[in-house]
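Let's take a walk through this structure together, starting with its open spaces and ending with its aromatic rings.

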Amino acid sequence: AALLRIDRAIQGIPHSRDLEGLVHLLVEQLQLLDISMGSLALHRVIDESDKVFETYQILPTGEISHVENRLMGPFRMWKAGQTSYRPDLDADAQGLSQENRAKLEARLGMSVRSILDVPHIRGTLALLSSEPKAFTEDQIRFVEQVTEVVSVGIARVEDLAQLEAQNVELQAAKDEAEAASRTKSEFLAN
């Protein structure tokens, strides 16, 4: 039922800027299934050559953060195309430096002991928890299914963004043609 609610919400996304609502829905649905997390981040690549991502992140306070950053870790995980679960960062950080972990924890205002990163069509979905071994194998498989549905939503958002840009271009061309027509009419009238 949670997957169906997420899928319906994705199909109802009217604008490319509506990923924030999707992130709220993901947190709500995952929490209903007792998937406990302190934070959830949806990373979407916007410039592959420079490894720049747009990130929507639910903070532990419930607030949402929307930023664009160059992110090497999510980029590597996205390109690898495989789920990455770091069950206990204290025991094995698996490539997350102490400096980057400290920055992450300071930004979130929480300790981070486990991270689940699942790739989607244009980035990753990350669940962060202050508890070690926070996610079970069943929960990981479910988040992987959710991420497949999210991939459809990301593709939809990108299609909508392209359509919005085309509409802006068409409107500008129409306005320019109308202005030229008015100028021509005024010239011929004189």
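## The largest pocket

A pocket here is an open set of grid points with protein on both sides within 12 Å along at least five of seven lines, and its volume is the space filled by probe spheres set on those points. In this predicted model, the largest pocket holds about 770 Å³ of space.

Its lining counts 28 residues, and Leu71, Gly73, Pro74, Leu96 and Asn100 are the ones nearest the centre. Helix 3 is the top contributor, with 5 residues. Other elements that give two or more residues include strand 3 (64-70), strand 4 (84-86) and helix 4 (98-108). Sorted by class, the lining has 11 nonpolar, 11 polar and 6 charged residues.

## Nonpolar cores

The largest nonpolar core has 30 residues, and Leu30, Leu40 and Leu127 touch the most other members. Among the elements supplying at least two residues each are helix 1 (2-11), helix 2 (19-32) and helix 5 (137-189). Another core, of 11 residues, lies apart from this one and includes Leu59, Leu89, Val112 and Leu128.

Leu40 is worth a look on your screen: beyond its sequence neighbours up to four places away, Leu40 touches residues including Val23, Leu30, Tyr56 and Leu127.

## Aromatic rings

The model has 3 aromatic pairs. In one of them, the ring centres of Phe75 and Trp78 are 5.8 Å apart and the planes meet at 65°, so the pair is edge-to-face. Phe75 and Trp78 are 3 residues apart in helix 3, which means about one helical turn separates them.

Phe75 counts as buried because its relative accessibility is 10%, and Trp78 is also buried, at 11%. Together with Phe53, Phe75 and Trp78 make up one aromatic cluster.

Note on methods
Residues numbered from 1 in each chain as written. Predicted model: local features only at pLDDT ≥ 70, side-chain atom pairs only at ≥ 80, totals over all residues. Heavy atoms only, no water. Core = buried A, V, L, I, M, F, W, Y, C linked by side-chain atoms within 4.5 Å. Buried < 20%, exposed > 50% of the residue type's maximum accessible area, 1.4 Å probe, protein only. Helix = DSSP H or I, 4+ residues; strand = E, 2+ residues; numbered from the N terminus. Contact = heavy atoms within 4.5 Å. 1 Å grid on protein atoms, 1.4 Å probe; cavity = no way out; pocket = protein on both sides within 12 Å on 5 of 7 lines; lining within 4 Å. Nonpolar A, V, L, I, M, F, W, Y, C, P; charged D, E, K, R; others polar. Phe/Tyr/Trp six-rings, centres within 6.5 Å; stacked < 30°, edge-to-face > 60°.
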